[in-house]
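User: Could you walk me through this model, please? I'd like to start with the aromatic residues and then move on to other things.

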Amino acid sequence: MSKALEGVRVLDMTHVQSGPSATQILAWLGADVVKVEALGGDITRKQLRDVPDVDSLYFTMLNCNKRSVTLNMKSEEGKKIFTELVRKSDVMVENFGPGAVDRMGFTWDLLQELNPKLVYASIKGFGEGPYTHYKAYEVVAQAMGGSMSTTGFEDGPPVATGAQIGDSGTGIHAVAGILAALVQRGVTGRGQRVTVAMQHAVLNLCRVKLRDQQRLGHGPLPEYPNKEFGDSVPRSGNASGGGQPGWAVKCAPGGPDDYIYVIVQPPGWVPIAELIGRPELAEDPEWSTPEARLNKLDKMFQLIEEWSVHHSKLDVLAMLNEHNIPCGPILSTKELIEDASLADNNMIVTVDHPERGSFTTVGCPIKLSDSPVKVETSPLLGQHNEDVYVRELGIDPDRFAELQKNGVI
Ligand code: COA
């Protein structure tokens with residue numbers, strides 16, 4: 001079967017996570033992604049290695065279905081070869097520190113001149129302004145995009161989320177921009193510049209907290225568990241942040257992830273009152289309406305917890321869902337990697353790798369009926385040098401050998 005992005009060639013100058021997560025999705029959607037690496041390779045190949053002398057899971061889990069070539073962008077010969085690669089590509093993606101590609105000599109003006117159809121995407125920490133020249137990593141973006149100040153409990157410090165919203169979250173935003181630019185190119189015939197800042201992507205994901213910041217101007221936020229409010233949205237623990245109250249309540253046998261997140265929509269109250277053994281609360285005017293419960297949500301979830309602690313989170317999941325009550329058991333990483341339904345959905349997949357045997361990774365969450373994804377291994381460093389340089393760019397084998405000897409590739 002054909003693939004959605006078949007025929008699209010991506011010059012992948014990305015490293016670490018934000019950029020590679022974007023180009024991995026493009027590869028899964030069918031693009032030919034050629035990762036251009038310095039001679040030492042993407043730094044993550046060697047970071048947090050679990051098996052000696054073998055590409056780390058950090059690398060293998062973010063660079064599936066790509067090809068790899070090495071190229072020394074600081075050599076004159078390297079720049080010439082790069083020029084040829086730019087001419088043959090539809091998309092170029094990079095997430096180096098600010099100004100790095102310009103310092104390599106490839107400004108947007110030059111890239112456009114070399115290939116007017118090129119879509120050129122950059123991921124940086126920040127947009128234009130005081131932070132433009134600053135580097136950024138995941139938690140820096142979480143700190144400056146609104147996530148950390150709103151995550152955690154009121155009496156504790158700001159907390160980083162385990163979800164990589166700054167890196168992979170930004171990668172997804174970049175994919176959207178690249179695909180839109182490719183569609184527009186179909187109309188105009190021209191490429192364009194796509195820029196995504198990690199701070200902006202995290203802020204986009206923190207939109208509802210900015211909603212609450214403005215609501216705060218009209219008084220306290222009654223659905224928050226907090227008793228006092230200052231001039232910014234406070235950390236509100238596990239409160240749902242939406243129009244329907246929710247909280248994580250404990251379950252049996254009381255392990256660190258034995259919790260279930262329960263949301264109490266108005267129609268859920270009667271069955272919940274019965275399930276927890278307090279049927280009288282269904283009709284009690286002190287409890288029967290969302291408004292009546294609003295000033296005692298802590299007490300409400302305490303009553304639910306007094307029941308849930310006697311059941312496993314999966315039993316609570318089944319019992320609540322019998323009544324159509326939205327809830328979610330807190331699944332540990334171990335439970336996720338062993339989850340049969342995620343494996344059936346190709347979201348947990350095992351991939352053969354030439355050096356480590358196999359590894360398990362997270363599959364593609366975007367499912368297209370006419371463009372199925374088969375997750376394939378990440379490339380070894382420079383594995384496709386000969387394919388790309390000799391067979392596709394037409395470099396003579398003697399010159400190829402010379403380039404290798406001279407440290408250009
Ligand atoms: N050949 C020769 N040199 C190369 C090369 C190649 N193929 N590829 C990269 N390099 C060089 C660059 O030219 C640059 O050198 P310079 O600074 O002398 O110009 C250097 O390698 C890369 O620098 P940088 O990207 O700043 O790496 P870093 O390890 O110091 O910083 C980040 C890492 C992630 C902090 C930084 O890249 C960054 O802020 N990126 C943007 C935001 C981002 O994506 N962050 C999230 C990462 S998950």
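Aromatic pairs, pockets and a helix

Analyst: Let me begin with tyrosine 120, which is buried, with a relative accessible area of 2%, and please keep in mind that this is a predicted model.

User: Why does 2% make tyrosine 120 buried?

Analyst: Buried means under 20% relative accessible area, so tyrosine 120 at 2% counts as buried.

User: How many aromatic pairs are there?

Analyst: The count comes to seven aromatic pairs. In one of them, the rings of tryptophan 108 and tyrosine 120 have centres 5.9 Å apart and planes at 50 degrees, so this pair is tilted. Tryptophan 108 belongs to helix H5 and tyrosine 120 to strand E5, so the pair ties together parts that are twelve residues apart in sequence.

User: And how do tyrosine 131 and tyrosine 134 pair up?

Analyst: They form a tilted aromatic pair, with 5.9 Å from centre to centre and 45 degrees between the planes. Tyrosine 131 counts as partly exposed at 34% relative accessibility, and tyrosine 134 also counts as partly exposed, at 47%. Together with Phe126, Tyr131 and Tyr134 make up one aromatic cluster.

User: New topic: how much space is in the largest pocket?

Analyst: The largest pocket holds about 860 Å³ of space. It is lined by 36 residues, and those closest to its centre are His15, Asn95, Phe96, Gly97 and Ala100. Strand E2, helix H4 and strand E5 are the elements that give two or more residues to this lining, which by class has 18 nonpolar, eleven polar and seven charged residues.

User: What about the second largest pocket?

Analyst: That pocket has about 580 Å³ of space, and of its 22 lining residues the closest to the centre are Gln17, Met61, Leu62, Ser168 and Val362. Helix H1 gives the largest share of the lining, four residues, while H1, H2, H8 and strand E11 each supply at least two.

User: How does that lining divide by class?

Analyst: The lining of the second largest pocket divides into 13 nonpolar, nine polar and no charged residues.

User: Last one: which residues of helix H9 are buried?

Analyst: In helix H9, residues 198-205, the buried residues are Met198, Gln199, Ala201 and Val202. Seen down the axis of H9, these buried residues fall within an arc of 165 degrees, so they line one face of the helix.

User: And what covers them?

Analyst: The cover over the buried residues of H9 includes strands E5 and E6, together with helices H6, H7 and H8.

Terms used. Residues are numbered from 1 along each chain as its sequence is written. This is a predicted model: local features need pLDDT of at least 70, side-chain atom pairs count only at pLDDT 80 or more; totals for chains, interfaces and linings use all residues. Side-chain values use heavy atoms; hydrogens and water are left out. Buried means under 20% relative accessible area, exposed over 50%, partly exposed in between (1.4 Å probe, protein chains only). The arc is that of the directions from the helix axis to the C-beta atoms. Contact means heavy atoms within 4.5 Å. On a 1 Å grid over the protein atoms alone, a cavity is a set of points where a 1.4 Å probe fits but cannot get out, and a pocket is an open set with protein on both sides within 12 Å along at least five of seven lines; lining residues have an atom within 4 Å of a point. Grid points are joined across faces, edges and corners, and a volume is the space filled by probe spheres set on the points. Ala, Val, Leu, Ile, Met, Phe, Trp, Tyr, Cys and Pro count as nonpolar, Asp, Glu, Lys and Arg as charged, and the others, Gly among them, as polar. Rings of Phe, Tyr and Trp (its six-membered ring) pair if their centres lie within 6.5 Å; planes under 30 degrees apart count as stacked, over 60 as edge-to-face and the rest as tilted.
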